[in-house]
Amino acid sequence: MRPRGRIGEVISRRIAWFCLPVLATAAVPSAEPLWSLQPFALQPLPMVKQQNWPRSRVDHFILARLEKESLTPNGDADAATLLRRVYFDLIGLPPLLEEIESFDMSKFAAVVDKLLASPEFGARWGRHWLDVARYAETSGNTRNMAYVLAWRYRNYVVRAFNRDTPFDEFIREQIAGDLLPPADELVRRDDQLLATGFLNIGVKSLGEQDKDLYDMNVADDQIDATCHAFLALSANCARCHDHKFDPIPTTDYHALAGIFRSTQNLSGVETNNVLKEAEAMPLGKNGMQRMAVVKQHEKDVADMQKDYLEVAKKCSTVREELIKAGIDPTKKSGAMPKEMVEKMTTLGVLEQDVTTWQKKLAEKQKSAPTPPPLGMSVRDGETPIDCPVYDKGEIKKPLAPVKRGALSAIPVKLAAIGPKESGRRQLADWIASPQNPLTARVIVNRVWLHVFGRGLVESPDDFGKMGMNPSHPELLDDFAARFVKDGWSIKSLIRELVMSRAYQMSSATPAQSSDPANILLWRANRKRLEAEPLRDAVLYLGGTLDYTPREGSPVADKAQAIKPAGREVGRKHFLNDLKDDTTHRSIYLPIVRGAQLPMMQCFNAADPGLVIGNRSASITPMQSLLLMNSDQIMAQAQNFSKRLTGTTLDARIMHAWQMACCRLPTTQELEALRGFISAAGDTDEGWTQLCHAVLQSGEFQTVY
Amino acid sequence: MNTHFNRRQLLSASSAGFGILALKGLFASNAQAALVNPLVPTKTHFPARAKRVIFLFMQGGPSQVDTFDFKPALTKQHNVPNAKGSPNVFYQSPWEFKPRGKSGLLVSDLLPNIARHADDLCVINSMHTDHSAHPQAILQMNTGSFAFTRPSVGSWCVYGLGTENQNLPGFVTINPSFSGGGPLKYGSAFLPSVCAGTPIGQDSGNGSSPDSPATSLKDIQLPFMKNARMDAAAQRRQLDLVQSLNRHKLAQDGSNEALEGLITSAELAFNMQREMPDVMNLKTESAATQEMYGIGDGKATDQIGRACLMARRFAEAGVRFIQVNHEFWDDHSDIFKGHPQHALETDQPVAALLTDLKQRGLLEDTLVLWGGEFGRPPFLNKNKGRDHDNLGFTMWMAGGGAKPGIRYGSTDETGFKAEQNKVHLHDLHATMLHLLGLDHEKLTYRYAGRDFRLTDVFGDVKRGLIA
């Protein structure tokens, strides 16, 4: 299928690659066709020697490869380790103590089903998607304006994962939800609209004065996000020149740009130079009509105001004339020339008018209709355009326009785009097509990455020539083919993976291995907790975690008192004092581009300026400092210590350790912990410090 | 003294040893990056002239024709409209230019203290950049790009070189402003987050607006450097417990690079708590030194004086990239009042920094860089201010292998547009990396299918700037 040498050669090259940087360029650009653009199909199940090892098709592929390389798979993980692993992987939280105490492997399948059905699943897996969707609540870049409605997209993503929206539908909703046949249920219809927030939450240079450049930069972000997220291709390299490595000519880029430039962003963001982002999408029952009523009312008020001001002006003119003539208009009596008497009468009438107008205005303003809820979304622009190719990407050098379209190297036909259409609907279908060689492979790989800690393709956002080749190409194809055939269900995918033998292996590492990086999966990978599950687990142990989904966001709350044009990060301290002062799950923390909350930033939360399928995993002294000294962590440690029960010192120590690490401490660990209490004191403070130490331990921060 | 982890200890602490560390920069994969402490000093591409950089960022844009770019032609055209019907008139600088030092470099009286260092300065009169609006130009100065999220200059340096003191961050930025992309200016984007700048204090972003006053650097402390409830002894005892639990686990795990990394990094963190406040504490400096930098309550020089003195202390302590930010030189109205004020606030501290670095022998391997995101045109608008000029402006370098006592390049007759030996911002970045021993075309990071560089696809090393 892929003319790239015998499989054995590929593997040894990969292993060599890890050991010898000289060979690091595993995917040397060449004239070979790109593997990821070839169609995928079900693969024959490979033969294995240890017939009793595999529990699933996935296992067959993995074992066959291991056997070929004479590698032995690790033994199974113990039940407690596995329980903790599957909890963090599926819902991002540690298991409940009662569950730890009563768990055995016979209950594993039931636990998996329970976790997949839990609303916490969406909070965990939704976050993975938000990394890819470069989700944030401000525009970033030069004028960092608040996206006060972005949180509704976030909550949509959580809901979509919880209801296991088939992934092809998830794609269609995000690219063209506004153009889909409206769902019957109102909430689902709103979700279709909110889903397109995906296109709209990116980085925007709202300070850009050049309108064409602004439009192209917005389209660029949308091309970048769409192509990386769904296709793992960096199409935006082709903005200025034909892609250097992948078959993406600059005409393809501008064909896509035409689709996005024919789309209007409804963002609810206003600056003094980019007014076109000011509108937002009305939601809820009769949202459009309700919005029209609000708009009409606003217009009426404005008209009335105009009339009122005219009367008020007349009134004050007459009053000034009287004052000029030496007459006190507040005094009705006294001798005065006849014309002045007339003026006094006029003034009286006008003053009456002013009062009436004031009353009328106040009443009108009082009767203002409640606006419908709003969301970030898009709609097709009034006059779709074909985008010119810009010579070397220079906005001042437009060449001939190219027809709106998709990437020509992908052998899927794009449906015809009508002259009144942007082409987003066609693009969505094209991406979500079962024939698209990239889409299913890309998402299957993303899921694999989060379950196993490493993708079958190590560059989840790049399936191009500069990306990595798959470690198990047949497995990837087989898995992708079955994913499509079985209805694009993410939950089924995850279920199959965690039920596999490969997932349930121990992560222990013997001294020597010919595959130290575990590329061929002879053991489970240890995973360091990311920022969100780490924070959530700390709150959980402290007993303060709030499981309810957060409706709204502090970004939106803080914006309420400020006119849209003033909602710029940094201005009058707007959004400078956002704090992690909620006990909601971390997915609900506010995200300001360029100014993430310290714990998120420190523990490598995804930079929302970029599509990030695989977070960096650095270990830094700043992380240790935060765990050592953050008041918030200390406070949770104290809460944690107060929850410890047990009549003896040892019982309480064991309780703490078991809650955090899902196992009882060894004799030596118990001794060390006991020694600490005797030195620090069997006091509230001593126990707080002990719990604080547990939170700092490597084992707590790691999924084994 | 507490344990200092030097490079050798760090190497031996890693079971993978030098083999793994040597791979840094050649890997794009995050899984591998986790095995490497990106702060470990690494080999340069070729011998370095500078070990560290101090970037004195004069945000807002100082006027070149009033400081370092003498234009006698302006005398002739004084008060003449710069174009037919234009309300703007050419305007000669009210500050006298004099030849300074042995080099005879012409520097105006606006910056009399920096002028005394003329023989150390490598003045670049032919700078130019792409954008004439502050936000974009500021971002481009700090990241090389004004349209996209890219790693900052300092983070590239830390990524490329690691840092010499493991107990301190590799990149600090003092007084960073909100404007021009806020923290993007010192962010790491797709580079390992440990390469990002650590901000100290916060400048106002709006000049001296009461809405957002600058944070005073006096007694400033960083977050998470001190535990509110435990003293050092209690914390040490706690860390000993944590480390014994970690080592016990490590013994069971066999090989576990991540846990080893965590053990090392917790120890570094503990030391950093002591060292960082020490370096930031200016009270240990003599009264004479404080006086030289202009530190003192109520003095106009206090804030930048503290920033510059802190910069010297960070340089001495082995921090790789130190940025001092001052704003806002943006004098669209009454430049004759504005510029002297900015000069007053910065001239003495910057000169003191040069003096201090020199007398400590640090100037030799410290590259000092001074300038704004762009300059100002030679003409005056109707508000007696000068607007923006990105087509020609002046920056200077000192020390760290920059050729001392020279002027490089020139602008046209009036000082508006760079003309001879033009130096684009990307060229400056390329030259800066070169002085640090890094080839700007080879210092790359693979992200999303592309090898990214600080200089994108641009930039030439300007040999004429190098001693």
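Which residues are buried in α3(A)?

**Ground rules.** I am looking at a predicted model, where local features need pLDDT of at least 70, side-chain atom pairs count only at pLDDT 80 or more, and totals for chains, interfaces and linings use all residues. Residues are numbered from 1 along each chain as its sequence is written, while chains are lettered from A and ligands numbered from 1 in the order in which they are written.

**Confidence.** I looked up pLDDT, the predictor's confidence in each residue, from 0 to 100. Chain A has a mean of 91, with 95% of its residues at 70 or more. Over residues 1–29 of chain A, pLDDT stays under 50. I made myself a reminder: where pLDDT is low, the predicted coordinates should not be read in detail.

**Helix α3 of chain A.** I noted that helices (H or I, at least four residues) and strands (E, at least two) are DSSP runs, numbered from the N terminus. Helix α3(A) covers residues 79–91. A residue is buried if 20 or more other C-beta atoms, placed from the backbone, lie within 10 Å of its own; it is exposed if 12 or fewer do, and partly exposed in between. Here is my opening list: A:Thr81, A:Leu82, A:Leu83, A:Arg84, A:Arg85, A:Val86, A:Tyr87, A:Phe88, A:Asp89, A:Leu90 and A:Ile91 are buried. That is eleven of the 13 residues, so α3(A) is largely enclosed by the rest of the structure.

I counted two residues as in contact if their C-beta atoms, placed from the backbone, lie within 7 Å. By that rule, 70 residues of chain A are in contact with 67 residues of chain B. On the chain A side, α22(A) gives the most, with seven residues.

**One helix pair.** I then followed helix α25 (residues 667–680) of chain A to helix α8 (residues 232–253) of chain B; their axes come within 10 Å and cross at roughly 175 degrees. The axes are lines fitted to C-alpha atoms, for helices over the stretch in contact, and angles run from 0 to 180 degrees between N-to-C directions. That crossing makes α25(A) roughly antiparallel to α8(B) (the word is used for angles over 145 degrees). Among the residues making the contact are A:Phe676 of α25(A) and B:Leu245 of α8(B).

**Chain B.** I finished with its secondary structure, 13 helices and 17 strands. Of the 467 residues of chain B, 59% count as buried.

Notes:
Angles under 35 degrees count as roughly parallel, over 145 as roughly antiparallel, 65 to 115 as roughly perpendicular and the rest as oblique. The expected span of a helix is 1.5 Å times one less than its number of residues.
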